[in-house]
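Subject: Structure handover and what turned up in it

Hello,

Here is the structure I promised to pass on to you.

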Amino acid sequence: MFKIEKPEMINKTFRLPLKLVQELQIIAQNQRVSLNNLVQQCCEYAIKNLDKG
């Protein structure tokens, strides 16, 4: 049976440098994903690859 799943989300506000946001917007547009989705993927990647030493 097909089950639609909706992950729990929360709204937060972060302050980021203008240049970083502009770069992220360009990447998101070029990859045809939302800015929010790109930032989420970047954060997940950074956490998975964090040097824990």
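What follows is a short tour of the pocket, the surface and a few individual residues.

Before anything else, please keep in mind that this is a predicted model.

**The largest pocket**

I expect you will want to look at the pocket first. The largest pocket holds about 570 Å³ of space. It is lined by 17 residues, and those closest to its centre are Lys 12, Phe 14, Asn 36, Val 39 and Gln 40. Two elements, α1 and α2 (35–48), each give two or more residues to this lining. Helix α2 provides the largest share, with seven residues. Sorted by class, the lining of the largest pocket consists of ten nonpolar, four polar and three charged residues.

Phe 14 counts as exposed because its relative accessibility is 67%, and the cut-off for exposed is over 50%. Together with Leu 16 and Leu 20, Phe 14 forms a nonpolar patch on the surface, and the three have about 330 Å² of accessible area together.

**Helix α1**

Leu 18 is a residue of helix α1. With a relative accessibility of 61%, Leu 18 is also classed as exposed.

Which residue has a positive phi although it is not a glycine? That is Arg 32, with a phi of about 60°. For context, most residues other than glycine have a negative phi. Arg 32 sits in the loop between α1 and α2, and this residue is exposed, at 77% relative accessible area.

Ser 34 belongs to the loop between α1 and α2 too. Here the relative accessible area is 42%, so Ser 34 is partly exposed. From Ser 34 to Leu 24, ten residues apart along the chain, the C-alpha separation is 9.9 Å.

**Helix α2**

Gln 41 is located in helix α2 and counts as partly exposed, given its 43% relative accessibility. Gln 41 and Ile 26 are separated by 15 residues in sequence and by 15 Å in space, C-alpha to C-alpha.

Cys 42 is in helix α2 as well. Buried, exposed or in between: where does Cys 42 fall? Cys 42 is partly exposed, because its relative accessible area is 37%, and partly exposed covers the range between under 20% for buried and over 50% for exposed. The C-alpha atoms of Cys 42 and Lys 52, ten residues apart along the chain, lie 18 Å from each other.

Happy browsing, and do write back with any questions.

Best wishes

Note on methods. Residues are numbered from 1 along each chain as its sequence is written. This is a predicted model: local features need pLDDT of at least 70, side-chain atom pairs count only at pLDDT 80 or more; totals for chains, interfaces and linings use all residues. Side-chain values use heavy atoms; hydrogens and water are left out. Patches are made of residues with over 30% relative accessible area and no salt bridge: like charges are joined within 9 Å, nonpolar side chains (Val, Leu, Ile, Met, Phe, Trp, Tyr) within 5 Å. Accessible areas come from the Shrake-Rupley method with a 1.4 Å probe; for residues, only the protein chains shown count as cover. A salt bridge is a side-chain nitrogen of Lys or Arg within 4 Å of a carboxyl oxygen of Asp or Glu. Buried means under 20% relative accessible area, exposed over 50%, partly exposed in between (1.4 Å probe, protein chains only). On a 1 Å grid over the protein atoms alone, a cavity is a set of points where a 1.4 Å probe fits but cannot get out, and a pocket is an open set with protein on both sides within 12 Å along at least five of seven lines; lining residues have an atom within 4 Å of a point. Grid points are joined across faces, edges and corners, and a volume is the space filled by probe spheres set on the points. Helices (H or I, at least four residues) and strands (E, at least two) are DSSP runs, numbered from the N terminus. Ala, Val, Leu, Ile, Met, Phe, Trp, Tyr, Cys and Pro count as nonpolar, Asp, Glu, Lys and Arg as charged, and the others, Gly among them, as polar.
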